[in-house]
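Hi,

Here is the structure I promised to pass on.

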Amino acid sequence: MAAFKNLRDISNSFEHELRRISRELFSAKVSEPFEDVVAKKIQDLSLFYSKLRLLQAKPLTVTPQVTECNKSEHTITEYGDTVTWKIMEHQVVKSLTQTYTVKKLITTSNDNLDPELVERKEKIVDQLKKFRQQESQLRHLEAVMKEKEEQLKESRENWHNVLCRLKESRKLPQVEEKSSGPLYKKLKVLIDKMELMRWLISKLVTSRTGDYDWTSDPHRRLKALALARQKHTIQNYTES
């Protein structure tokens with residue numbers, strides 16, 4: 001009974017509040033702009049209506065049908081799915097409504113529209129033109145990217161074929177060099193002279209080491225010995 005008394009009191013206060021709000025809505029003595037006052041009152045009405053629905057739902061929650069129902073995980077999941085579908089439905093309806101409103105605004109002549117709606121229509125048309133330009137540019141870039149990808153694929157195939165041919169050519173036996181040409185003979189003469197010089201350097205460095213002061217200049221003869229140990233052959237110059 002106490003719940004019904006509270007509901008009656010709230011309903012009476014809600015009725016008085018509605019009457020007061022209606023008097024203020026139709027009163028000309030308002031300091032704030034009329035649109036702001038109307039928006040605020042509509043917001044208050046929505047809040048009071050939500051409170052009223054909450055109070056009406058509270059007595060229903062103590063009924064045996066609700067209290068005896070087992071609140072399992074499956075029930076909570078069903079509630080969540082229901083809320084999700086309701087939100088999706090609301091978003092779809094909102095999107096369709098906005099699409100229809102924009103289409104109707106664009107197709108309507110400027111003579112039949114208010115100046116504010118005409119300005120909004122021009123902004124929407126400008127944004128649609130920019131969107132078309134961006135979309136056409138995107139299609140062009142996609143076509144260019146597809147063409148470049150095909151060129152890259154062809155280049156990779158050519159590179160792979162050339163690489164395979166080079167690998168196969170390295171496996172083939174090398175052609176023996178001809179030793180009867182004039183350049184080969186000149187190179188052989190130079191190699192022989194360099195070998196003779198290497199032999200002389202080794203003899204000169206190692207022949208007089210008894211009275212040599214290694215502490216005064218230890219690196220000079222060591223460098224000469226390093227040169228004397230480097231053997232010179234025709235293959236070293238032809239393969240490098």
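Below is what I found, going from the overall picture to single residues.

A word on ground rules before the details. This is a predicted model, so to speak of a local feature I needed pLDDT of at least 70, and side-chain atom pairs count only at pLDDT 80 or more, while totals for chains, interfaces and linings use all residues. Residues are numbered from 1 along each chain as its sequence is written, and side-chain values use heavy atoms, with hydrogens and water left out.

**Overall picture**

The protein has eight helices and zero strands, so the order from the N terminus is α-α-α-α-α-α-α-α (helices are DSSP runs of H or I with at least four residues, strands are runs of E with at least two, and the numbering starts at the N terminus). Confidence is given as pLDDT, the predictor's own score for each residue from 0 to 100. The mean for the protein is 76, and 72% of its residues reach 70 or more. Helix α3 (residues 64-67) has the lowest confidence, with a mean of 60, whereas α5 has the highest, at 87.

The protein exposes about 21900 Å², and carbon and sulfur atoms supply 58% of that; accessible areas come from the Shrake-Rupley method with a 1.4 Å probe, and for residues only the protein chains shown count as cover. Of the 240 residues, 8% are buried (buried is under 20% relative accessible area, exposed is over 50%, and partly exposed is in between, with a 1.4 Å probe and protein chains only). As for contacts (heavy atoms within 4.5 Å), take those between residues at least 6 apart in sequence: 46% of them join residues at least 24 apart.

**Salt bridges**

How many salt bridges are there? The count comes to five, where a salt bridge is a side-chain nitrogen of Lys or Arg within 4 Å of a carboxyl oxygen of Asp or Glu.

- R120 is partly exposed at 46% relative accessible area, and E116 is exposed at 55%.
- E119 is partly exposed at 45%, while K123 is exposed at 52%.
- D192 is partly exposed at 42%, and K188 is partly exposed at 41%.

**A buried lysine**

K121 lies in helix α5 (residues 115-171). What is the nearest side chain of opposite charge to K121? It is E122, 8.5 Å away, and K121 is buried yet has no salt bridge (Lys and Arg count as positive, Asp and Glu as negative, and His and the chain ends are not counted). Leaving aside neighbours within four places in sequence, K121 is in contact with L105, I106, T108, S109, N110 and L113.

L196 sits in helix α6 (residues 182-207). Together with W199 and L200, L196 makes a nonpolar surface patch of about 320 Å². Patches are made of residues with over 30% relative accessible area and no salt bridge; like charges are joined within 9 Å, and nonpolar side chains (Val, Leu, Ile, Met, Phe, Trp, Tyr) within 5 Å.

A228 is in helix α7 (residues 220-229). Is A228 buried or exposed? A228 counts as buried because its relative accessibility is 8%. Not counting residues up to four places away in sequence, A228 touches R198, I201 and S202. The C-alpha atoms of A228 and M197 are separated by 8.3 Å, with the two residues 31 apart along the chain.

Cheers
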